[in-house]
Amino acid sequence: MSCKLNRKDFIRAASSLAIFPLVSNDRATLPSRPNQRFRSAHRVLTCNIRVDLPADAEKGFGWQDRKGICIKIIAEQQPDVICLQEVLKGQMEDLMAAFPGFAGVGFDGPEMDAHLTGYHGVAKNPILFSKDRYELVGAGTYWLSETPLRGGSISWGSARARHANYVRLKERETNKEFRVINLHLDHKSQEAREEQVKLVLAEAAQYTADFPQLLTGDFNASMANQVYRLVLEQGWRDSYTHIHGDTEPGYTVHLFKGDRYEKKAKGKKIDFIFAKGHVHAVDAEIIRDHVGGQYPSDHYFVSADVKLK
């Protein structure tokens with residue numbers, strides 16, 4: 001069978017694709033949040049953790065220097081769902097060991113990637129979710145290209161191969177279901193970003209308008225960008241602006257410098273959690289936490305507490 005599928009064929013086929021989750025046998029979980037307002041909410045994080053690069057290690061902020069901080073800051077948020085970007089195999093193994101009460105979906109490869117080593121192709125966007133709170137109903141991955149079933153495929157002048165992962169989860173206590181899509185759009189080509197997000201939006205549009213869906217990730221585009229407008233035009237709501245209003249909240253990329261970032265006055269929020277259907281945000285934050293001035297990543301993480309209607 002040919003790997004070349006057009007978008008129409010792909011959208012029909014995508015919901016039948018599945019990948020196997022990486023599941024730990026340990027049933028340990030994070031403690032419940034004490035705030036009663038959010039007792040029934042689902043806390044979702046989007047975290048670009050920055051790939052494990054030797055060049056960063058030479059400057060003192062390699063993965064081995066900051067993984068403990070990254071894990072600590074994520075754990076302190078007491079999340080239910082963790083959406084990650086820029087994850088290499090060793091980082092995925094560290095995170096799964098740190099969060100044994102979570103299942104991890106979406107780290108497939110690098111066997112199917114065009115490039116077996118280095119940043120190209122192998123940095124993934126896995127989704128972790130609480131095994132105690134949720135049952136996995138379905139999951140899948142596709143590449144953001146004109147041939148979405150071909151691993152590592154690139155289109156539209158994208159600087160790197162990009163992909164999206166999704167999970168469909170059922171809350172064990174209520175049997176309510178919702179869907180989470182996690183992506184990382186191209187960092188150089190505006191055309192690529194627009195075409196990549198159009199593909200994701202078209203795939204998500206298979207579901208009824210009221211079905212709860214979340215769209216998370218590093219969009220490499222601000223609220224002023226056409227990419228953001230394309231998402232809103234398809235009926236998605238920005239969880240952060242839903243809580244805080246439409247004013248640009250400022251930078252989420254800070255190059256490991258936090259408040260010391262020289263370009264912070266010009267920086268924009270490019271990490272988002274969008275909602276569609278019968279789900280709405282009751283809280284949302286940019287997580288600026290650090291430990292002794294050392295940050296978990298070159299991005300701030302973003303959270304949203306959402307409730308299913």
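User: What is the hand of the crossing of helix 5 and helix 6?

Analyst: The crossing of helix 5 and helix 6 is right-handed. A crossing is called right-handed if the near helix is turned clockwise from the far one by less than a right angle, and left-handed if anticlockwise. The model is predicted: local features need pLDDT of at least 70 and side-chain atom pairs 80 or more, while totals for chains, interfaces and linings use all residues. Residues are numbered from 1 along each chain as its sequence is written, and side-chain values use heavy atoms, with hydrogens and water left out.

User: Where do helix 5 and helix 6 lie relative to the strands?

Analyst: Helix 5 lies across strands 6, 7, 8 and 9, at about 170° to strand 8. Helix 6 lies across strands 9, 10 and 11, at about 15° to strand 11.

User: In what order do the strands of the open sheet come, and which are the edge strands?

Analyst: The 6 strands of the open sheet follow the order 6-7-8-9-11-10, with mixed pairing. Strand 6 (134-143) and strand 10 (237-238) are the edge strands, as each pairs on one side only.

User: How do you know that strand 8 has pairing partners?

Analyst: Two strands pair if DSSP finds at least two bridges between them. Strand 7 (residues 163-171) is joined to strand 8 by 7 bridges and runs antiparallel to it, with Leu 169 opposite Phe 178. Strand 9 (residues 213-218) is joined to strand 8 by 6 bridges, and these two run parallel; here Ile 181 stands opposite Leu 215.

User: Why is strand 8 described as largely enclosed?

Analyst: Buried means under 20% relative accessible area, exposed over 50% and partly exposed in between, with a 1.4 Å probe and protein chains only. In strand 8 (residues 177-184), 7 of the 8 residues are buried, so the strand is largely enclosed by the rest of the structure. Strand 12 (residues 279-287) is also largely enclosed, because 7 of its 9 residues are buried.

User: Why is His 278 called partly exposed?

Analyst: His 278 has a relative accessible area of 38%, so it is partly exposed. This residue is in the loop between strand 11 (271-276) and strand 12.

User: What does His 278 touch?

Analyst: Leaving out residues up to four places away in sequence, His 278 touches Asp 210, Phe 211, Pro 212, Lys 307, Leu 308 and Lys 309. His 278 and Leu 308 are 30 residues apart in sequence and 5.9 Å apart in space, C-alpha to C-alpha.

Terms used: Helices (H or I, at least four residues) and strands (E, at least two) are DSSP runs, numbered from the N terminus. Contact means heavy atoms within 4.5 Å. Axes are lines fitted to C-alpha atoms, for helices over the stretch in contact, and angles run from 0 to 180 degrees between N-to-C directions.
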